[in-house]
Amino acid sequence: MAVESLLPPLPALMCAPAGISARYLRELLPADPPPSLLADAGIDAARLRADENYRVPLYQAYALLDRALAAQADPLLALRQARQLSLKAYPWLGLSLLASTDLGTGLARLIELEPLVWDGSRIELSVNGTLASLRWLPLHPIPAAVMELALAGWVLLAPALVGVPAGELRLGFAHAVRAPLATYRELLGCEPRFDQPETALRFPAEWLGRELKLADPSAADWVLAEARRRLAEGPLGWGLDLRLRAA
């Protein structure tokens with residue numbers, strides 16, 4: 001079956017000074033992606049492999065995914081790749097989560113440090129009565145497949161971190177469904193809803209106090225200090241070339 005291009009209008013996207021970390025993108029790709037696939041998307045294969053400060057411009061990362069989707073004729077290819085992600089795909093963000101004693105603290109650090117992985121969105125956590133909502137707010141044009149990929153990371157890590165079955169999570173997307181719901185259930189462990197007012201993950205508010213199963217709070221001070229230092233240096237270390245290109 002043919003897969004419709006996921007790319008938003010390129011002029012607007014190319015002017016967005018946002019990028020995604022090389023580590024995260026490497027974890028999503030097969031072990032040895034064809035060099036032509038990276039080259040066609042304008043991605044420097046050598047930097048992607050060896051430069052930990054490399055930030056791939058969003059429009060190039062989307063172009064890479066677009067070509068991979070077309071080659072596989074699978075609209076949910078990104079979700080399938082998300083199943084191989086682990087905390088090592090989010091180096092300092094992942095360590096900060098592991099240094100958190102409970103879910104509420106971990107989510108606060110996720111919101112603070114997400115730009116270490118990419119800076120294409122903003123996350124908001126709110127509590128309304130007995131329900132907590134983790135809302136995902138795009139700052140730049142973001143394809144539906146990428147929204148699904150981003151939230152899949154939260155859903156797939158939840159059972160290991162908090163010890164809750166994914167089926168108890170309520171996942172909603174603002175975009176329309178792109179494949180049979182049964183396939184989404186198989187890949188995510190829960191059945192998402194589509195055409196919702198916002199893209200968000202909802203769960204019982206009482207979970208915010210749950211202890212993280214893999215927590216190592218003894219490392220919290222050092223990990224957070226280093227993560228925040230890298231975040232503060234980010235605009236100079238990995239954002240300058242993106243801002244120059246966008247301008």
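This is a predicted model: local features need pLDDT of at least 70, side-chain atom pairs count only at pLDDT 80 or more; totals for chains, interfaces and linings use all residues.
**Core.** The core holds 77 residues. Y24, I43, L48 and W136 have the most contacts inside it. Helix α9 supplies the largest share, 13 residues.

**Y24.** I then asked which residues Y24 touches, leaving aside neighbours within four places in sequence. The list is L85, A89, Y90, V117 and L149.

Next I checked the largest pocket. Its space comes to about 890 Å³. I found 48 lining residues, with Y24, Y90, L149, A150 and G153 nearest the centre. Elements that give two or more residues to this lining include α2 (22-28), α5 (58-72), β4 (131-138) and β6 (200-204). Which element gives the most to the lining? Helix α9 does, with 9 residues. I sorted the lining by class: 41 nonpolar, 5 polar and 2 charged.

**Aromatic pairs.** I noted 4 aromatic pairs in the structure. For Y184 and F194, the ring centres are 4.8 Å apart and the planes stand at 55°. Y184 sits in helix α10 (residues 181-188), and F194 in the loop between α10 and β6. The two are 10 residues apart.

Last entry: ring pairs link F173, Y184 and F194 into a cluster.

Conventions. Residues are numbered from 1 along each chain as its sequence is written. Side-chain values use heavy atoms; hydrogens and water are left out. On a 1 Å grid over the protein atoms alone, a cavity is a set of points where a 1.4 Å probe fits but cannot get out, and a pocket is an open set with protein on both sides within 12 Å along at least five of seven lines; lining residues have an atom within 4 Å of a point. Grid points are joined across faces, edges and corners, and a volume is the space filled by probe spheres set on the points. Helices (H or I, at least four residues) and strands (E, at least two) are DSSP runs, numbered from the N terminus. Ala, Val, Leu, Ile, Met, Phe, Trp, Tyr, Cys and Pro count as nonpolar, Asp, Glu, Lys and Arg as charged, and the others, Gly among them, as polar. A nonpolar core is a set of buried Ala, Val, Leu, Ile, Met, Phe, Trp, Tyr and Cys residues joined through side-chain atoms within 4.5 Å. Buried means under 20% relative accessible area, exposed over 50%, partly exposed in between (1.4 Å probe, protein chains only). Contact means heavy atoms within 4.5 Å. Rings of Phe, Tyr and Trp (its six-membered ring) pair if their centres lie within 6.5 Å; planes under 30 degrees apart count as stacked, over 60 as edge-to-face and the rest as tilted.
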